[in-house]
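Please read the points alongside the model.

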Amino acid sequence: MQWEVVIGLETHAQLATESKIFSGAATAFGAAPNVQACGVDIALPGVLPVLNRKAVDCAIRFGLAVGGDIAPRSVFARKNYFYPDLPKGYQISQYEAPVVSGGSLSIRIGQGSDAQEKTVRLTRAHLEEDAGKSLHEDFQGKSGIDLNRAGTPLLEIVSEPDMRSSAEAVAYARALHALVRWIGICDGNMQEGSFRCDANVSVRPKGASEFGTRREIKNLNSFRFLQQAIDYEVQWQIGVLEDGGKIQQATVLFNPDTGETRAMRSKEDAHDYRYFPDPDLLPLVIAPAWKDQVQAAMPELPDAMRERFGRDYGLSAYDAATLTATLDLARYFESCVAAAGRELAKPCANWVMVDLAARLNRAELDIAQSPISAVQLAGLVRRVGDGTISNAIGKKVFDALCNGEGADADAIIEAQGLRQVNDAGAIEALVDAAIAGNPKSVEEFRAGKEKAFQALVGQVMKASKGKANPQQVNELLRKKLQG
Amino acid sequence: MINLSLSELGAALAAGKISSVELTQLFLARIARENPRLNAFISVDEERALGASRAADKRRAQGNAGPLTGIPLAHKDIFCTQGWRTTCASRMLENFVSPYDAHVVEQLAAAGMVLVGKTNMDEFAMGSSNETSYFGIVKNPWDDKLVPGGSSGGSAAAIAARLVPAATGTDTGGSIRQPAALCGLTGLKPTYGICSRYGMIAFASSLDQAGPMAKSAEDCALMLNAMAGFDTRDSTSLDRPVENYARLLGEPLAGLRIGLPREYFAEGLDAGVHAAVDAALEQFRKLGAVTVDVSLPNSGLAVPAYYVIAPAEASSNLSRFDGVRYGHRAAEYGDLNDMYCRSRAEGFGPEVKRRILIGTYVLSHGYYDAYYVQAQKIRRLIADDFKAAFQHCDLIMGPTAPDVAFPLGAKSSDPVQMYLNDIYTIAANLAGLPGMSIPCGFARNLPVGLQIVGPWFDEARMLGTAHQYQLHTDWHRSMPPGL
């Protein structure tokens, strides 16, 4: 039988606020246990939550970015359950009335120019607080509780079950990850748990209209694990169904060491969370003015920017998508174009995507840590563009700039004497010398071997230390050999 | 001296007739003598009290004294008080020393009042007789075989026995007004949101409100001036202009329209109480007020709605008492679940357990709509009843409780009979309205309380009305026999 995979994702994005969602304690990662937990976070008797408006700003920003509806009135609810790292015995979340409803995200599946576009619809996004952490090792059979994370603001983003493969799910997760970083509401640090996914996975016979029974894989904190977990889960579910079994609704955990998913609890022992509106918090009212204020501070979104790059700079869809992978990268590229001139946008794009990307990749650096500034790169692109140096010399200058050998391309070109030789007489002398010094190549070329021609060009370039204008060399050499 | 009003005590202190230290010593001596019999206090701290009184005297010497500076005070043990044991009359918090002050505690300390002790109460404010305290029952100073009412029974007994001139209380369904009535005192539950709930250990967040308990309306006005005020740490605290609640004390009553809900004078009301209330109404008419018949048709639904909403909120609010971070933890337990079960089973008394069970039940999946949602609808109907009634009257009056103080143990085995003691008081909490009780005579030699309910934010008028009555009557000056 042919099976169709159906996947929906629930993503927790930790919001980049300085303080917690309902208290004034700091949210910074990595502090000593329990030093960033105030009375509200540890749920002393009598303390009360007060909503951090910055967290709401983030939710509004997200809602606007995905084209969702921002609820004029949403409600915080209590999700009740007992666990030692949940100090109040309930989590403040949003249940029946979330702050954001609807919206969508366009994703690209696959690499390069033959990637497929797809739109994934979003169900909702709601604000909630994170729990603390239970540490089960190093306490001689006891558990340690660290409440630093308790009360950290989260935006839970729920997609529709629109994805049909692990590749689509990963593409969605990557697009969402890129977007929340782009709009500055989440640092996206997956190792620190700032961005984690739960995947709802089911399979059904191809063509069926009903969904199969789903199992939810919890807490996937890398794209690789997301892919592996879904792939394993899909094979497992198909195996069960093909053996005539039934899928029981369940929550499962992925074990990265074995690559397997394992049921944590079934539907029967699912908690009854006894949701009800939190009487300590008034409904969250978002007036149009608040939305407008957030909209005004919103950066241009990646989709719009991609389109503009195509329109204004004549870039291909692939180039535009690559350059808008992150806001920092897009900004770098635009600064470069601004300094180099719009007519050099395509070479700017190439330098950023090829040479700079390779360099950063090698050094494991982020674009923000680039050893060459956008203006420096623009200066280089201009000198290649106006023929002052060849593309090959350009790469030397690029390395020199990256290594801090000069303040700008001009300084390096001057200091290292790299200016391209365009003097026809000087080139002719070099060409003559190459012909005279390499009779064997000349003979081979005349016998029809094009490769021998390249060898002669190489000789000329070598003699000029790479500075001879390669186009002139080509033309003159061919003329002389054929003449 | 012990029967003086707050303003008389303030005048005596201002005139130098007595120092705060002397006044505090006087009341501490009375506590030492009478409290073993009455059990009105859970904690008394003579050293701290005397330290605070010395500070008050110093402040007066510096010319910074306010109207309440130097006057002794007791807090219901539901208010977190820094450095004091704050127990909520529960074994769960038997050894909990609060690291911070409630807003109300801060406010009264800033006014210079001298805290002498923390008063007994029903456990977590759940009760109408002060028989559910882990620290033992409180006795009514008018007759120590009778209950003082609850849940602020310790505060009521302490004032009635002249162990302190004033105290704080909290009122979720009548817990200030009913004990005030049963002990012959004046007590006010302000409009929801007037006094911050920050640091007041939550019973039912949407109903809880702090208020003053004292001998007279004038005393309550002075206390409320100090207690009230916007607090950013409580999201349900109301940001309103500062108000002088004593400003209408001199206002004559001519033309005041008093609404008499027919439902409050129906079956179930003790004849003696009825007669005392009728006599009080006659007095108001003599003072120029007119009485009009009004109806609150949904009154009969108040108790059932309350006993859905209050336990629902309580079941969640009390989840933080899990033995993990503070409070009672069982000495021996197996796994985590066992620790929770034993700690909570040992830490909570039967009435608290009953309400947690009711609340957990009504919030459960499948019951939420049938109970909680319905109760919230009733709540709106009850508020609408009052709005409609206030179209025809300025204030509503009736009995505070259906009967005078009842014998210890009389109702403790029948929770429903106990709950019906709050039949007239609960509606004000459900509607968020201000309500007060003033002494209006005796039945079978025991004090009877007259309840006054006003429109939202009309405390000043209520206090003024009560004060005019108290200018012409002596009930509020009556002291229990033997003092």
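1. The model is predicted: local features need pLDDT of at least 70 and side-chain atom pairs pLDDT 80 or more, whereas totals for chains, interfaces and linings use all residues. Residues are numbered from 1 along each chain as its sequence is written, chains are lettered from A in the order written, and side-chain values use heavy atoms, without hydrogens and water.

2. In chain B, the sulfur of Cys183(B) is 14 Å from that of Cys220(B), its closest cysteine sulfur, which is too far for a bond. Cys183(B) is buried, with 1% relative accessible area. Over all chains, zero disulfides (cysteine sulfur atoms within 2.5 Å) are found.

3. At the interface, 38 residues of chain B are in contact (heavy atoms within 4.5 Å) with 28 residues of chain A. The buried area (accessible area lost on being put together, 1.4 Å probe, summed over both parts) is about 2700 Å², and carbon and sulfur atoms give 58% of this. Ser235(B), Arg320(B) and Arg325(B) supply 22% of the area that chain B buries against chain A, more than any other three residues.

4. One salt bridge (side-chain nitrogen of Lys or Arg within 4 Å of a carboxyl oxygen of Asp or Glu) is counted between the chains. Asp280(A) and Arg197(B) meet in a salt bridge at 3.1 Å, N to O.

Key. Buried area is the accessible area (1.4 Å probe) that two parts lose on being put together, summed over both. Buried means under 20% relative accessible area, exposed over 50%, partly exposed in between (1.4 Å probe, protein chains only).
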